[in-house]
Amino acid sequence: MCVLGRVRMVLLLVLLELGVLCAVTPIASHAIEVRWLGVAGLSISDGETTLLIDPAFTKPSIKHWIFNSEFRSDPERVKSGLLRAEVRGAQAIFASHCHFDHAVDVARVSEFTGAVIYGGASLRTIAQADPSLQVKFSEIKDRQGLRIGKFTLTPYRRDHPPIFHLSAFKFLPGEVPDDFHFRFFEYHEGEVWGFRIEHPEASLLVDQSSHFFDENAGFAGKIDAYFVGVANKVSLNDLVENNIIRIRPPLVVPLHFDFFVLQSDFLERMKMPGMQLDVIQKTLRKAAEDIEFRVPERNRVIEIRKPGVGSSKS
Ligand SMILES: [Zn+2]
Ligand SMILES: [Zn+2]
């Protein structure tokens, strides 16, 4: 065999070897990495695609509450919030509804990350209110799944629960006005959504509204982690018995328990009064030992995988 023939043979053997190696080496599975961004915000990433839900970093001050003054996204806070959460780019932004603490930064985050904002008419009004920002927007419909990378996200419409359940007081119900001009009390609730997110590595449910309505109970299906807002639950019993135990996820992560109503570095680290995180944990442990309740640390990764692939850890 000539030299060229021998070189060809060696190359062929190497290629065959590589082929065999590729066939027997399992492709490493990446867990879904979720980070809590503060307030009700989450980044959800599989390493290729990043979804952001309720990314809100700008907070109001007392003057907004008293004088209904303009409440606009603060680019510095957004930039540093994204940086601290290591969000360098994203493909999609969702807002569970249009209250200030969920929607104020969607346009700025879209401009910084290049992500498309997905939502209904009220969110579109907020997203497109500042003509100096370049945003991409796409309309979503109730229970119509969207494919984004390997994620399939299905939004479902629901009601925003009252702030004070006994009096049934609702904070800014209805649509964002068409002539929206960033006034603090123009951030009406708009369309309210929960999200079921499926991925080959794990399925998640993200619902900021604390109590799961009957018509949505079946929709939750089997999930690997449940991210739930605990800001205005009906009662401890309602959250634990009617909601978490009915859905029965292996992992529950509470959101929206920090002090989101005012801007102050001191208040930022505080929990809202009445959040009862310890009590929720104790009650849940008694009722269902197999459900882990994990209070997130801001910007710290929570890994989620389907059972059997590896355990979730932060
Ligand atoms: Zn709200
Ligand atoms: Zn909120």
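View 1. Strands here are DSSP runs (E, at least two residues), numbered from the N terminus. This is a predicted model: local features need pLDDT of at least 70, side-chain atom pairs count only at pLDDT 80 or more, and totals for chains, interfaces and linings use all residues. Residues are numbered from 1 along each chain as its sequence is written, and chains are lettered from A and ligands numbered from 1 in the order in which they are written.

**View 2. The β1–β2 hairpin.** β1 (residues 32-38) runs antiparallel to β2 over 5 bridges; strands pair if DSSP finds at least two bridges between them. R35 has S43 of β2 as its bridge partner. The turn has 2 residues between the strands, and V39 there has a positive phi of about 55°.

**View 3. The β2–β3 hairpin.** β3 (residues 50-53) and β2 pair in the antiparallel sense over 4 bridges. S45 has T50 of β3 as its bridge partner. Here 4 residues lie between the strands, and G47 in the turn has a positive phi of about 95°.

**View 4. Contacts of Y226.** Y226 touches L205, I244, I247, P249 and V252, not counting residues up to four places away in sequence. Contact means C-beta atoms, placed from the backbone, within 7 Å.

Definitions and conventions: Contact = placed C-beta atoms within 7 Å.
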